[in-house]
Each structure stands twice: as C-alpha cells, then as structure tokens.
Amino acid sequence: MPRPLTQKDIDQAVLHTLTTQVLPSPAAQAYEKIRRSVVRVRGLSVPDAKGEQKQLGVGTGVLVADQGLVLTNLHVVVAAPRLEVVFEDGHTSVADVVGTQPEHDLAVIKARNLPDDAQPATLRSTADLAVGDQVVAVGFPFGIGPSASAGVVSGLRREFRSPEGERLLTNLIQFDAAANPGSSGGPLVTMDGEVVGIVTAILNPTEHRVFVGIGFAVPIENAAAAAGMPPH
C-alpha cells in the first residue's frame, strides 16, 4: 500500500518542476496574449487596368472590438486610397477609415470581415503606469513580423514634434523597446499582454530612419476615445 503524500513530497515535486522546466519569459507570455489581436495594415493604390494594386506602405494595427474596429496611426493610412488588414492567421480583409483623431495621430479603421477566431485585445488604463515598468511593443518593423521587442517605460507625459514640424503630440509614453518604420500603430503592452498605448513615433536625431532608443506611444485612453470606447 503506497504511503500517503506529505507536504515534503509535494514541496520536492514542485521544486523539481521549477528546476527542470524552463518557463516562458514574461515578454514571451505578453506576446502570446496579444499576437492574435495584432494586424498588418497595408496601404494600397487604386487598381490599375489589370486590376493589380501596389503596396504604398505598411504599418501595424490592433483589433479592439468584435465589430472589426482596429486602432492604428493616422499617418499609416492617410495617404492610401485603399486599405487592407492581414490577421495573424493570414486572413485578409479590406478596411475602411471610420474615425480619426489628428491631434493624437490616431485612426480607427474597420475590417469588412473577420476570421472566426478574431480576438480583440484587452485595454488597460495608464493610471498606474510607472517609469521602469516592463513593456513589449509588437508590430511590423520594415514590414517584418509580427515582431516583438521588450523594454521599459522611460518616461511619461512627453511631447514630440514630427520631423516635418507639422504636428505636436503631447502626453506621450516614452519607451525603449525597439520600434522602426512599420511599427507605427502597433500595441505597447504590459507583461499581462494588456494594451496601454499605440506606438506612434521614434526620435530621429539624424536623417536616418532607425531606432536610437527613444520611442513614443499614445496612451490608450486617447486611443479608446478615438474609437468611441469608454476610457480605461
């Protein structure tokens, strides 16, 4: 007859599991929670005589509602006659701009159809966000992705003026997770995989469009308002 388990037996079994199994990193867990909500946003030309379209640009978006609402940056979509979103499983849909918030470089687009397993992201208030908190940025830098990069919140309530000097963005989250052209419109998430911001800009002290360690995101409260959703 087997002897009954003791607390010592249980503790030893737990310790054995912890020492022999490698658990996913916090960043990996955050990415796993958000990845199905992240979409590639493609700006397309008007079809030519053969019905073919050229890709004019690529950015990122994040699905925030079952109705197909996607948050992205206004500068990602503003110059494109037609838009297309590509979901994590490869499902592709035409999308339409349904709202803009130029003062925050935000746009809301709506996918005309969704994959069966579409999963809107969970949004989280920035009220308790602090400098030093770990975050993950997910997007399509240079069209490659979805790609994840991890870092920390470097500052809050920052200001950023576009290189052209056309627009001053305020109340931004500064972060050091890598972002590059194509990352714009992607989610900035906590280690719980909850969206606290929409990646919108990188600081470029030179003419080269590369990441130097300072990125900016629009707080999710502003982004949610653009989508007609209650503040979080």
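Throughout these legends, buried means under 20% relative accessible area, exposed means over 50%, and partly exposed covers what lies in between, computed with a 1.4 Å probe and protein chains only. The structure is a predicted model, in which local features need pLDDT of at least 70 and side-chain atom pairs count only at pLDDT 80 or more, while totals for chains, interfaces and linings use all residues. Residues are numbered from 1 along each chain as its sequence is written, and side-chain values use heavy atoms, with hydrogens and water left out.

**View 1. Confidence along the protein.** The pLDDT, which is the predictor's confidence in each residue on a scale from 0 to 100, averages 88 over the protein, and 90% of the residues score at least 70. Helices (H or I, at least four residues) and strands (E, at least two) are DSSP runs, numbered from the N terminus. Confidence is lowest in α1, with a mean of 71, and highest in strand β10 (residues 187–189), at 98.

View 2. A salt bridge is counted where a side-chain nitrogen of Lys or Arg lies within 4 Å of a carboxyl oxygen of Asp or Glu, and the structure holds seven of them. R124, which counts as partly exposed at 25% relative accessibility, forms a salt bridge with D128, the closest N and O atoms being 3.5 Å apart; D128 is exposed, with a relative accessible area of 51%. R124 also meets D192 in a salt bridge, at 3.3 Å from N to O. Because D192 lies in the loop between β10 and β11 (195–202) and R124 in the loop between β6 (106–111) and β7 (134–139), this pair ties together parts that are 68 residues apart in sequence. D192 is partly exposed, at a relative accessible area of 43%. E194 forms a further salt bridge with R124, the closest N and O atoms being 3.8 Å apart. E194 likewise lies in the loop between β10 and β11, so its pairing with R124 ties together parts that are 70 residues apart in sequence. E194 is partly exposed, with a relative accessible area of 23%.

**View 3. The aromatic pair F160 and F216.** Rings of Phe, Tyr and Trp (its six-membered ring) pair if their centres lie within 6.5 Å, and planes under 30 degrees apart count as stacked, over 60 as edge-to-face and the rest as tilted. A search of the whole structure finds one aromatic pair. The ring centres of F160 and F216 are 5.2 Å apart and their planes stand at 35°, so the pair is tilted. It links distant parts of the chain, with F160 in strand β8 (residues 147–161) and F216 in strand β12 (residues 215–219), 56 residues apart. Both F160 and F216 are buried.

View 4. Two strands pair if DSSP finds at least two bridges between them. Five bridges join β8 to strand β9 (residues 168–175), and these two strands run antiparallel; R158 stands opposite L172 in β9. Three bridges join β9 to β12, again in antiparallel orientation, and F175 stands opposite G215 in β12.
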